[in-house]
Amino acid sequence: GGYSMVYSCKEEPNNLFCGMAGYAPGTDQYWSNAWTELGSCTGSMAPTDSPINVALADAGGCPGEYDGASEYEEGDAVSKDGLVFQCKPFPLSNHCSQTGYEPGTSVGSGTVVVEHWRDAWSVVGFCSGTIAPTGAPNYVALPGLGGCPDGWKETNSVTAYEEGDTVAEDGLVYTCKAWPMSGHCGQAGYKPNHNPATPQAWRDAWTVAGHCSGSIGPTSAPVSDTTAIGACPPEWERGSNVKYEEGDMVSLTVSEVPLRRVAYVCKAWPMSGYCGQFRPTEYGGDQGWKLAGSCEGSVGPTASPVFVSLGDYGTPGCPEPWNVGGTSYEAGDLVSFAVSTDPSRNLVYRCRTFPNSGYCNQGVGFMPGAKNGHMAWDLVGTCDGSRAPTSSPVAYGGTCEYNKCVTTTARVSC
């Protein structure tokens, strides 16, 4: 009789392909990336049971139902269809209030369905009945700090608040984080526990220290204990993505009275592309710059490193330049990418193996050297000039001779 093959959908993240076109078990070209062949079978069996709540903890009464118009924070719990969901820790908690992340729902249709809610929520148990909705973290878990320091004030200066400074807002005490994040403590959009157009941005600059009542005098800023590096390199200047290179150093003046200056060193390629675009202390500056220490006086500019540390990729000439409109890049394909024209400098990148190779055709967002380019491309080396295309195969024009054994069966008369 006939038989059928049994396939099992693979674990995350490959399971996302199981319902997509082009991955039909045993038939489509890429089915083995999504499915594992288990063996053959005959006849039929009853469908497997859906998971039951026995494996989940009993959460007791149900918290409030999920509300798409509400703001949720880390630790908040909601209920839906008898299950209790808890908002994940920051920064994933930012998704808990966003459209498309409602617990237990899916986005898409047909063969392409994804569950974004799993990035923001965790299933913690099942419930029955009702309880009062859970709130954001309360004072019980926070220490009492006595009188309240001054309230937060907005200022454009990156030195208005320094590491360890405290402010009070709505009975809570917040501590300014260490440098360079302390540069955000006085900026608009970073008011502690405030949620304007920049939700949760304040967490980058402030830490909740405790609760308070009454008032006290303002705390004094701590003395900087940053490692001293000696004389200061030149002041940072804004420029293109090739203005600074790996190892270049700049300095910034963080206060005039007393005079305090700090030095930063530009990170390795490709992060060095941000060094000219973002001031070390502004939002995004930490992508390109690393704090080196305090400094005083001045020195000559440091020399930029050269490509001696990055070897030639091994083949004469450069492969074809990366094409922003390319749609046929596959794993192992090589492209060249110009990082400067004067002097001429080119880098060679190789498209990564599956499934990352899928990003190689995703345009500017994943181009070589971009912020997300490492997800698609591996840096191979440098190149110079161009190489001739490989020759197309041609038909063989000679003759081919070989021996062939032939057996003939015939009926004859004896």
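**Cysteines and their links**

A: Cys405 has a relative accessible area of 82% and is therefore exposed. Here, exposed stands for over 50% relative accessible area, buried for under 20%, and partly exposed for what lies in between, with a 1.4 Å probe and protein chains only. Cys41 counts as partly exposed because its relative accessibility is 30%.

Some remarks on the basis of these values are in order. The model is predicted: local features need pLDDT of at least 70, side-chain atom pairs count only at pLDDT 80 or more, and totals for chains, interfaces and linings use all residues. Residues are numbered from 1 along each chain as its sequence is written, and side-chain values use heavy atoms, with hydrogens and water left out.

We may now turn to the disulfides. A disulfide is a pair of cysteine sulfur atoms within 2.5 Å, and by this rule the count comes to nine. One of them joins Cys62 to Cys127, with 2.0 Å from S to S. This pair links distant parts of the chain, as its two residues are 65 residues apart. Cys62 is in the loop between β2 (35-41) and β3 (77-80), whereas Cys127 is in the loop between β7 (121-126) and β8 (166-169). Strands such as these are DSSP runs of E with at least two residues, just as helices are runs of H or I with at least four, and both are numbered from the N terminus. The torsion about the S-S bond of Cys62 and Cys127 is about 100°, so this disulfide is right-handed. Cys62 counts as buried because its relative accessibility is 10%, and Cys127 counts as buried because its value is 9%.

Another disulfide is formed by Cys87 and Cys96, whose sulfur atoms are 2.1 Å apart. The torsion about their S-S bond is about 105°, and the link is therefore right-handed. Cys87 has a relative accessible area of 3% and so is buried; Cys96 is buried because its relative accessible area is 0%.

A further disulfide connects Cys266 and Cys275, with 2.2 Å between the sulfur atoms. The link of Cys266 and Cys275 has 100° about its S-S bond and is right-handed. Both Cys266 and Cys275 are buried, whereas Cys405, with its 82%, is exposed.
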